[in-house]
Structures are given as C-alpha cells and as structure tokens.
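Please open the model in your viewer and keep the selection tool to hand. The stops below say what to select and what is there.

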Amino acid sequence: MNFLFPVIVKRTGFALLTLFAISILIFAGLEALPGDTAQAILGQGATQENLEALRKELKLDLPLHTRYATWLGDLARGELGNSLSNGRPVTGMIGWRFENTLVLAFSAAVVSIPLAIVLGLICALYQNSWLDKLLSTSTLSAISLPEFFVAYLLIVVFVVQFELFPSVAILRPDMALSERINVLVLPCLTLTLVVLAHMMRMTRAAIIGVLSSPYIEMARLKGVKRAKIIFYHALPNALAPIINVVVMDLAWLVVGVVVVEVVFVYPGLGQLLVDSVSKRDIPVVQASGLIFACTYIFLNLTADVLSILSNPKLRHPK
Amino acid sequence: MTPDIKPEIKPERLLTITGLEIEGRQDGKWKKVVKGVDLHLNRGEVLGLIGESGAGKSTIGLAAMGYAREGCRLSAGNINYLGKELRQAPESELEQIRGYKIAYVAQSAAASFNPSHKLITQFAETPLAHKMMTMEQAKAKAEDLYTKLFLPDPAGIGFRYPHQVSGGQLQRAMVAMAMACDPDIIIFDEPTTALDVTTQIEVLTAIKEVVRKFNCAAIYITHDLAVVAQLSHRIMVLRHGLCVEEGQAAQILDAPKEKYTADLLAVRRQVKDVAPPKQEEPLLRVENITAGYKNGPAVLHNVSFEVFRGRTVAVVGESGSGKTSVARVITGFLPQTEGMVYFDGIEMSPLLKHRDKDRLRKWQMIFQMPDVAVNPRHKVKDIIGRPIRFYYNPGKKEIDRRVSELLEMIELNDKYLDRYPSELSGGEKQRVCIARALAAQPELIICDEVTSALDQLVAEEILKLLQRLQQDLNMGYLFITHDLATVRAIADDVVVMYQGRVVEHGPRDDVFTPPHHDYTELLLSSVPEMDPNWLDRVLETRQKKTA
Amino acid sequence: MKTMLNMFNTFKTSPLSAKIGLAVVIFGLSVALLAPMLAPYGESEIVADVWLSPGDGHLLGTDQLGRDMLTRLIYGARNSITIAFITTLIAFFVGAFLGLTAAVTGGWLDNLLARIVDIFMAFPTLILALMILSVLGTSIPVLIVVVALLDATRVFRLARALAMDIAIMEYVDAARLRGEKTFYIVRREILPNALPALIAEFGLRFCFIFLFISSLSFLGLGIQPPTADWGSMVRENSGAINFGILTPIYPAGAIAALTVSINMVVDWFLHRSAQIRA
C-alpha cells in the first residue's frame, strides 16, 4: 500500500494546484473589470467621497495579494459576497440551486451508467454483429449532437405529440416526490442520451482492448468457459479504464447540465450561471463557476485515484 | 498383408493431422497461410516445428488444439486427437480438451498470464474446472511442479502476481501451469525466444525434465535449430506454409535432404577469419566511460575499448548489460558523466549538438529494427540521397548517380528508387539502411543488433554484405549484439559486458578459448549448439563444478 | 490531377455513411459560400407575420420577428461555419505548432507548456469560457480568440503525444545523428507521419468548436443578434416549441446534421489510415 500513497498524493497535489490556479484566475477576473466593486455597487452617479468610503469599507484600498488572501479566507468560510443585481448574499442563491443540479446530474448518472456498461459489454461481446454495428453508428452520431437538439426533439415527441411531461421544469420546495420526478424526466433523459453514447463507446473499446490481449487467448487455450473468460479474466482488467471513463463522464455531466437546464428552465446552478453571465453579475458567476470547477476537478481526481487503485501492478508492488 | 509377428510395442498415436489448410484474412479476402500439412505425434515423443517467420509454425501449433486466431480459419484437413476430430468440433467439446488434454505454453509468459490474478489461481483454474482436484491438492501439485522446474521458493511463488516474478521464472511457471492436468500433449510456442541465453538454458532444462518424467508428447515450435536439437526426437522444417522436410532429429541435423534445411544449418556455423591486429592509432577509443540516465544509478562503469580501421569489435552482453548504452554514449544521445570518447585521436564532445557536421559524417549507425529505422513516408532514393545532399550537396545529377551506385553496392537496383519502405521486405529495408550509412562515406559504422529482427537466412546475407563492404572500404565496425553466433561470424575483437562493466576484452579467439572470466564462461556455455547432447553435457559440467 | 483521381477512387469504395456525410458537408459549404445568391430575402429583412407555418413563399415559415426562416438558415450557415472555421484554424496552428515544437525540443519549454495545458484541461471548458466572456464581454473577435485558445490546449496535447511517439523512432535518431536541424526533423521526418492523425483531428476539432460556439450562442453568450447564426436562432425561437411550432428544430437540426456528417467522414478517414498503416 505504501507504494500507492505517493502516487495518490501527487495527483491530489496536482488537483490542489489546479484549484489554486483557478482561484487566481477568478480573482483576476474580478480585478480585470472596468471600475471596481465599489463603482459597481454605487453606480456611475456616485460621488468620489462615497466611493472612497465604500472602498475603505470593502478593503479595496489594500494591496492585491492581501485582498486575494482575504478573498480566499472568505471563500473558505462560505462567504461568497453579494449579488450585484439584487444585493442578496450569493451563498443563499446558490445552495438550493446546486442541490437541484446535483439531483439532475445524479439521476442522469443512475440511469446512464448501468445502461452504458451493459450496452458496451454486449457490443464488445457480439463485435461486428448487426446490433453492434447499429449501436456503433448511432452512438457515433449521438456524440456529435448538440444537447439542445436532443432536448427539443424530446420535447417535440413527449410534450407536443403525447403531452406526457411538462416542457418547463418548475420546481417548488413543497412539491410531492411524484411531481418532482415528473418534472425531472425530460431533462434527465436528455442528459442520459447525451452522455450514454460516449460512455458506451469507451466501455466497448476498453473491453475489446482487453479481449484481444494474449492472456485472454491463453484462457481460451486453457479451455476456460466463455462466461468465466469475460467475468473473471476480462472484466477485472477492463475495470480501470471503465471506471475512468465513467467518472470522467460524470465530471462532464455536471458541466453538461448547463445547456439542459437552460432548455428546460430548470432552476439549477447552470441556469443561474448563464443568467448571471448575461447580467455580468460577477460575484455570482465566479461563485457558481468555482463550484462547477471544484466538482469537476474532484471527480477527475476520483477517476485518477480509482484507476490507480484498480491496477494490480500498482496495488501489489514488487 | 502379413500380420505383425514381432512382439514390438506399438507406439500410442495421440495426434494425427492430415491435409491441414489454414486461411488468413487479408484485404477482405481469404488467403492460404498453411497449404496442406500432415503431421503425427506419438506418446513420449517431441516433435520440433522449425521455420522462419511466415512459415505458419505457430498457426499449426494452435490448430493442433482446434484453435484459429482472430482473422484465421481452419479451412480444410483433419485434426484427429485420439479418434476425436477437432477441426470442426463445437466449442463446448474443445473446452473439454484444451488445457486438460492438450496444453499450451506461449512465447511471452509476461503477456499471457492475467495480471489481475495470482499464479496459483491461474494454475488451479483448469484442474478445478474439470473437478480433477481440490484447491488444496492443486496447491500441492503446483508446489511439486515448481520444485521440479527449479523455481525458487516453490511454496511461496504461486502466491505472487505475474508482474512480481521475473521473465524466466514466469516462463517456467507457465510450463508448470500447462502440466497441471497431466496433459497428453503440450504445445510449446517459442517459449525461450524472448529470454536471454543464460535464462533460456534454465527453461530448456526444465522443459526437457518435464517431458522426460511425465511421458507426455510435445510439439516444440521455434526458429532456432540448435534449441530444437536439444529436445526433439523428430524435426519438421516448414516454409511458406508447406513442409520442406521431416525426419528423425539426427538425420535432419547431420544429413538434411533439402537445400533449405542445409542452409538453415549452415547459418550458425559461419566463422570469420580474424584479421591480424594492427599497430596503428585506433579509429575510436572509449576511455573509462561512466554514464547513467537522469536521476538513475549509473548504467555504465569505467568502460574502455578501441576500434581499429578495417576491423570489427563486437560488444556482447545480455539485456541490462549496458551494451546499448555504450552505443548511446558514443553517438552522443547519452552524455557520459566521466571518461572520454576519442575519434581519430580527437576528443568528442559528450553532447550530440556540440559535434560538428564533418565529425558526424565520419561515423554512421545502422539500427536494430529496419521497420522503424526508415521513414515510412520517404522514398528509397530520398532516404539514401539525403545524407549525400546533407554532407556533400554535389547537385541533383551527382546525387542520383551516387544513389544508383549505392543501390548496386547493397545488391539492389534502380527499380527500388521510387519505392516506399512498406514495399520492401525486412532484409531489403536493412540494406537500404546500410546504403544510407555508406552514403556519408563513413570511417566507422556502429551496428546495433542489426540482425536480431531478421530471419536467420536474411541475417546471414546482411552479415556477409557488411563483411564484403568492410573489406572494400576499410571501415571499422562496432557491433552491438547479444548473439554469440553473430560474434563468431563477424568479430575480430570482443568486449564482454555484464551489469554495465566490461568483464573481458580482447581478440575474439583469446576471449573464446579458456580460461574465461566466470561470466564469459556462463555466457559461452549457455549458447545452444546443434549437437543434441549439448544440453546434457553442459548440465553435467555445471553440476561437477558446483559439487 | 492524378491525386484527384485517386481521391475519387478511394471515395468510391467508402461506406455509405461516409458518402452521405461528405455530401452533407459539401452541401453545407456550398450553401455557406453562395448564401447571398441562394437566399430568397435579406439576412435581417422582416417579411411576414411572426412564426408562420411552412408553406406559401416561406418554405420553412418565419421566425420570432417575422423573418424568413430559410433565408436565416442560409445566412446562418455562412456565419456559423465561417466563425467556427476561423476559430479552428487558429486553435490548430497555435496548438499543433507548440505541440510539435515542445515534443522535439523537450526540456523546460516542453515542461512548462505541458503543465499549463494540464491545468487548463483540468478545468471544464464551458465554465471557463463563460467566466472569461462574463469579464470580457461577448463580441465575435473575443469569442474567436477565447474559444481558439481554450481549444488549442487539446490540439497541443495530441500533437505533442503524436510527435513524442514519432520522435522515438529510429529514423528520427538517424536524422539527429546526421546532424539535421530541429526544423528539418519536424518538417520532413515528423510532420509527414503525424499528418493523417492531425487532419482527422482538424475535422473533430472543427466539430467540437462548432458545437461549442453554437452552445454558447444558444445560451445567449456567443454570436449576438441580428447576425443570423444557427445556435442563436435556436435560442430566439425556443419559445415557439411550447405552441407546438417546430421552428427551433430547423437550426438545431442543421447543426446536428453538419456535425454528425463531419464525424462520419472523419471516422472513415481514421479507419482507412489505420488500415494503411497495418
């Protein structure tokens, strides 16, 4: 185990470094704005004195690195500042929406991961069968479809034609579970379709890669039964690449929600981010951007660590 | 027909293959790779299948288990194992035979063991599946076999993962795995080709022991006649998917009927007449070189030797001996930390980029893998023409003339000018590499394992060509090789390397005649000879020594 | 001439999907080139009532301001494809140049560039683009530069990996030993061997950038009205879907058709060059 430790520490270190770089980038973004926060709060008509006073209050007169340190400290305590457009604390605006986003991403993951792995496995096992060819061609197309196209197609079918689900996802805290699910179906289905194709293709490729290795031929020459070859000889070795793909796609999913949320007017973090970018409400943009980035980096780190852990050569050092 | 009167024990026939044809898929068409081969195997017998690449020997070996690789099919003929027809047998029936009655030992054990499972579980897989033994019995059997195969720590080694065991040991563990169910037949597919000679001898000994003790039959596939001579009762020579000749081992080795077999036999018996030593200034002098890779330990310690004009120095060693690193230091890819390289008495800068163009011109290199030593996107005339343009730039006409001249020197012709490397055979590519080196008109050529990726007959042609060129052009050669037969065929002087040090150094015949340094002794005695009794003899002498 | 014939011959043997894909790509490009000649109305001309159904005089109906949808789609082809193409070119040249150079030179430059790219790639592109655009504002030049630089990181990584694989080949060693300059090695030894993969990558990158800019436009943060652009057109007409009007499907479908087609062609190309190598 002591062999694994340094590798994992290294990866974690890199993730932290990335986060650090991002925090600097975000802070620099704040600074790069024409005018400063005081100006933004008080508007163009503010007097010089009022501006000075507010700058002191907001500690804008301190040097850059001190302010960066303060900002980072506030961030760590969950104080993300106030929105420029409505003056409300950012933390409060984000909390509920982030939860909604996670619910959406999580439900899409629950549907797509098992489906992708099973379909990928079937395609790999029945390579070049009509099913494999059909799925390969359709997934090749599906990975290059824009999310909003998939979303509108689904709306045309399920909302316009069959009137099964609402096209606008309105969420209220007091909604019953069944209502919530009803609202979730279409956004979730869109995300699933979008992420499924990639995950399935990668799973298929990983398994085919393992199946063509000499130890699988050896297993066949030992007279091992087909099912055992797949589950005992192939799967443990395909696990690392598959886990990697799944977690990376999860990371992608968390970001992919942005467009889907906008299509369905789903009250999530992505929707908030996009709204704030068009209003140029920088504190909100940066807070929500940071949350997205952290989630993405954390999931990528998890993918890294899991694939290291599932490698027998690293798990059992010499 | 007269009935058999003599009370002779009739050998038990295990396997009979008749009229076997195998096809491989190429550009969407089925093409024959094995074109009608007959063979048979009796209990207690080892059949050696020998041939160069493309002979179809591995394909036939796998066919004996009713198995065809992806993209191949067993298109005609009969494969009869104890009355059962295997060619078109259903998979479920073949599963009952594979591993249980007919077992397989692959060329690369490192790739053929599943990295996710311990050796012992992979050993026990087939016996357990056939309910031959319990896990406990399998463990005991494994320990017994590991002991018989001279594996260290036979009780514990099974509980390691494949990557925790060395190559030679893993190969023996694979032989043990094949023996797990006491099969009738074992197919050995080049089991020692990837190993160093000193490791090869251990594996060969183990295989010989096992076949003798367990009274099974074996098919031994290899390209190396000397290896097959040690183990086989009968030998079958294959070429282009056809049987060239078949016979008792002694007959094939001593009195081959076919010219092809005789050629194969002659390859390893080529010996160069050593040129008389020279008293002049050496062309290349390597002095006390110590070098290592970034942040790593030193891979070379105090290496010194000299190369003279018109003479060949062979640097011999096994993998990890540092012989390739020597070439990298001389060429400037690996700057040394201590010592100096002198060319024509002048110090060479350790870094390639600090060396001037004319100096670089004077030594050229020929590489191990002709497939990757020529740019696949360049035509032959550009490959050979570039050094002429780069060093001399004599104008287009003169370049064309020189290229044609060089093609002639390497025994090719103008038809090759516009070909791309993919349109050349391995040997032709290596010839083009030689022409590219000659184009610079060098004084020294460094040859890094130039024949190891080639078939033996082709390799021999290349060695002969290199010798002729040396006589004509009076160049010095530095030969990096692991193969002692190559050394005999080409070297005047020999440098023996072991673990980054020169252990012995001198004229070839001095190094090759006793008394030797211990390692040289081990190396020399491990090289298989055509004599079928060689292995037994070596083991006997080694036992005497240790006793 | 001979190469044209060769291309035609290899194309004849391609699978159906590649043929359809290539036809769609060529169709899209011709429409983009000939936009003013093909379009029945002006780019931002208001010609009829809002959201008319497809029919008389308006093959695809009208949009949310009463502009002819077909006209908008045709001009959209020109704008969207041109912007994505320029972006891809910039991304490609910056990324490929730096990637190849880094791989061949090695040393601190290679290390520095690789680290920077690692950090950028550990960060979701869409979020990063949104954050940068929120600060810099959205205009077409800013959009092109930001997206191109973000995407150049991916090209860099591929080009570097390709060149690394090729640089360890013995023919490159042979050129180095001969004393060849780095520029010669990159141009004559490495580039010809990396080219097929780079061409395929160009197709994929274009696809990705096209989708990416469309998504940004769809979110209202890319190409701004009144410029006709497929992504923005989906956004502008998205309200229609609630009335059962299919208007937003047309531009979305156009985007999908183009990206899927490019993918099919690239897939065939990759398949073919893999076969040639084997």
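How many bridges join strand β9 (residues 234-239) of chain B to strand β10 (residues 242-248) of chain B? Six bridges join these two strands, which run antiparallel. Strands pair if DSSP finds at least two bridges between them. Helices (H or I, at least four residues) and strands (E, at least two) are DSSP runs, numbered from the N terminus.

This is a predicted model, in which local features need pLDDT of at least 70 and side-chain atom pairs count only at pLDDT 80 or more, while totals for chains, interfaces and linings use all residues. Residues are numbered from 1 along each chain as its sequence is written, and chains are lettered from A and ligands numbered from 1 in the order in which they are written.

Stay on chain B and select B:M236. Its bridge partner in β10(B) is B:E246. Next, select B:H240, which lies in the turn and has a positive phi of about 50°. β9(B) and β10(B) form a hairpin, with two residues between them.

Now go to chain A and select helix α8 (residues 177-211) and helix α10 (residues 226-263). They pack at an angle of about 155°, with their axes 9 Å apart. Axes here are lines fitted to C-alpha atoms, for helices over the stretch in contact, and angles run from 0 to 180 degrees between N-to-C directions. α8(A) and α10(A) are therefore roughly antiparallel to each other (an angle over 145 degrees). The crossing of α8(A) past α10(A) is right-handed: the near helix is turned clockwise from the far one by less than a right angle. By class, their contact has 20 nonpolar, five polar and one charged residues. Ala, Val, Leu, Ile, Met, Phe, Trp, Tyr, Cys and Pro count as nonpolar, Asp, Glu, Lys and Arg as charged, and the others, Gly among them, as polar.

Select the whole of chain C. There are 11 helices and zero strands in chain C. Its C-alpha atoms fill a box of roughly 75 × 50 × 30 Å, taken along the principal axes. Of its 278 residues, 50% count as buried (20 or more other C-beta atoms within 10 Å of the residue's own, with C-beta atoms placed from the backbone).

Last, show chains B and C together. Their contact takes 11 residues from chain C and 15 residues from chain B, where contact means C-beta atoms, placed from the backbone, within 7 Å. On the side of chain C that touches chain B, α8 (170-178) and α9 (182-218) each supply at least two residues. α8(C) gives the most, with six residues. That side of chain C divides into five nonpolar, two polar and four charged residues.

Terms used: Angles under 35 degrees count as roughly parallel, over 145 as roughly antiparallel, 65 to 115 as roughly perpendicular and the rest as oblique. A residue is buried if 20 or more other C-beta atoms lie within 10 Å of its own, exposed if 12 or fewer, and partly exposed in between; C-beta atoms are placed from the backbone. Two residues are in contact if their C-beta atoms, placed from the backbone, lie within 7 Å.
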